[in-house]
Amino acid sequence: MSIAIYPGSFDPVTLGHLSLVTRAKTIFDEVVVVVMTNASKTPLFSGAERAQLFEGALKELGVETRVHFVEHGLVADVSLQLGASSVVKGLRGIEDFAKEAAMATVNRDLSGVETVFLASETGLSHVSSTLVKEVFFLGGDVSKYVTSNVLDALRSKARD
Ligand code: PNS
């Protein structure tokens with residue numbers, strides 16, 4: 001049984017992330033989403049909220065996949081704990097690759113886990129959580145980029 005983990009900060013999950021889960025599920029027997037902390041980012045949503053939003057978005061699209069939340073930890077350790085032989089990551093462009101290649105090498109050094117990169121779906125390669133937040137909080141329409149549970153959560157953050 002081939003298990004892959006899909007780690008990320010997902011602040012919040014976008015249709016780009018969801019497309020990657022769907023496509024990775026055609027390659028691996030099981031894909032586990034792992035909501036983690038990116039030490040170089042200050043998240044809008046708490047870890048628990050990000051995991052809940054990912055679960056809700058998967059439900060909205062009718063995709064069955066487990067979501068784990070790991071507050072502090074290494075991708076390498078999570079892959080061992082979950083029995084995953086692969087990490088799956090999306091690449092939107094060459095800038096992503098520069099950053100992801102180093103992480104893939106460190107993760108392999110630490111636990112032997114291999115990283116499999118999937119190119120973003122053509123129509124979604126411009127979508128990122130950062131852009132979604134920026135456009136939303138400046139009054140733009142992000143309904144093309146996120147599921148409705150995420151849109152509701154953004155609206156509720158804007159009211160806070
Ligand atoms: O969605 P992001 O923000 O690009 O995700 C980055 C993430 C969470 C995958 C990365 O920061 C990460 O791997 N964090 C866990 C800690 C870890 O394993 N660090 C070593 C990787 S080289």
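The model is predicted, so local features need pLDDT of at least 70 and side-chain atom pairs count only at pLDDT 80 or more, while totals for chains, interfaces and linings use all residues. Residues are numbered from 1 along each chain as its sequence is written, and side-chain values use heavy atoms, with hydrogens and water left out.

Let's start with the ligand. It is surrounded by 14 residues, the closest being Ser9, Asn38, Lys41, Leu74 and Val75 (a residue counts if one of its heavy atoms lies within 4 Å). By class, that shell has five nonpolar, six polar and three charged residues; here Ala, Val, Leu, Ile, Met, Phe, Trp, Tyr, Cys and Pro are nonpolar, Asp, Glu, Lys and Arg are charged, and the others, Gly among them, are polar. Helix α4 (residues 94-111) gives the largest share of the shell, four residues; helices are DSSP runs of H or I with at least four residues, strands are E runs with at least two, and both are numbered from the N terminus.

Now for the atoms. The side chain of Lys41 puts an N or O atom 2.7 Å from a ligand oxygen, and a polar side-chain atom of Asn38 lies 2.8 Å from an oxygen atom of the ligand.

Glu30 counts as buried because its relative accessibility is 19% (buried is under 20%, exposed over 50%, partly exposed in between, with a 1.4 Å probe and protein chains only). Its side chain reaches the side chain of Arg66 in a polar contact of 2.8 Å, meaning a pair of N or O atoms within 3.5 Å; within protein, one must be able to donate a hydrogen and the other to accept it, and residues adjacent in sequence count only if both atoms are side-chain atoms.
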